[in-house]
Amino acid sequence: MARYTGPLTKKSRRLGIDLVGGDAAFEKRPYPPGQHGRARVKESEYRNQLLEKQKARYTYGVLEKQFRKYYELASRRPGKTGDNLLQILESRLDNVVYRAGFARTRRHARQLVNHGHFVVNGVKTDIPSFQVSKHDIIDVKTKSLESTPFIVARETFDKDTVPAWLDVAPDRGRILVHAQPVREQITVPIQEQLIVEFYSKI
């Protein structure tokens with residue numbers, strides 16, 4: 001699966017959001033890169049909508065073609081398209097692994113999934129974009145439990161950071177999906193209505 005592998009700090013500075021999580025370089029210079037980074041930028045409706053879409057794309061590590069497919073899927077579901085879109089993004093397996101505290105960043109979570117460390121409902125799953133559903137059980141493979149990433153995850157686990165729609169047993173390496181996430185449980189600073197407005201015009 002193709003994905004963006006370039007420098008995220010530059011993207012963070014361009015979009016005004018820490019895409020990495022705890023990025024010291026972004027915190028030190030939270031303005032766009034380049035010699036005109038601190039210059040006043042002319043605001044426009046289209047620019048704001050585009051930036052919001054890019055924020056979501058890079059936050060979840062999704063390329064444009066796949067992101068558009070997610071939007072089309074969200075628009076066909078009942079309910080608000082923006083809420084549906086964020087729910088689809090949050091339900092990606094790599095994001096669930098990250099939100100459960102088993103990885104430092106979403107990039108790290110994607111790598112762990114790609115390397116085949118997880119089984120979903122007893123089936124080995126190494127596709128980061130796999131959509132988890134209500135009542136799914138995600139387990140770290142037994143032979144992976146004593147590898148460094150999961151030892152660190154157990155030692156640094158903080159249950160207060162786990163969203164209410166997940167139940168995590170770090171010692172067992174298990175994630176239980178209680179329900180699909182609702183908008184109030186999705187903490188990424190994204191204005192999804194701007195994304196809906198962007199796609200409604202093209």
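In this predicted model, arginine 106 places its charged end over the ring of tyrosine 60, at 4.8 Å from the ring centre. Arginine 57 likewise lies over the face of tyrosine 58, and here the distance to the ring centre is 4.9 Å.

A search of the whole structure finds six aromatic pairs. Two of them involve phenylalanine 150 and are set out below.

| Aromatic pair | Geometry | Centre to centre | Angle between planes |
|---|---|---|---|
| Phenylalanine 102 and phenylalanine 150 | edge-to-face | 6.4 Å | 90° |
| Phenylalanine 118 and phenylalanine 150 | edge-to-face | 5.7 Å | 80° |

Phenylalanine 102 lies in the loop between helix H6 (93–99) and helix H7 (106–114), while phenylalanine 150 belongs to helix H8 (residues 148–156), so their pair ties together parts that are 48 residues apart in sequence. Phenylalanine 118 is in strand S1 (residues 118–120), so its pair with phenylalanine 150 in helix H8 ties together parts that are 32 residues apart in sequence.

Elsewhere, one aromatic cluster is formed by Tyr46, Phe67, Tyr71, Phe198 and Tyr199.

Glutamine 193 is part of helix H9 (residues 192–200). With 47% relative accessibility, glutamine 193 counts as partly exposed.

Definitions and conventions
Residues are numbered from 1 along each chain as its sequence is written. This is a predicted model: local features need pLDDT of at least 70, side-chain atom pairs count only at pLDDT 80 or more; totals for chains, interfaces and linings use all residues. Side-chain values use heavy atoms; hydrogens and water are left out. Helices (H or I, at least four residues) and strands (E, at least two) are DSSP runs, numbered from the N terminus. Buried means under 20% relative accessible area, exposed over 50%, partly exposed in between (1.4 Å probe, protein chains only). Rings of Phe, Tyr and Trp (its six-membered ring) pair if their centres lie within 6.5 Å; planes under 30 degrees apart count as stacked, over 60 as edge-to-face and the rest as tilted. A charge sits over a ring if NZ of Lys or CZ of Arg is within 6 Å of the ring centre and within 35 degrees of the ring normal.
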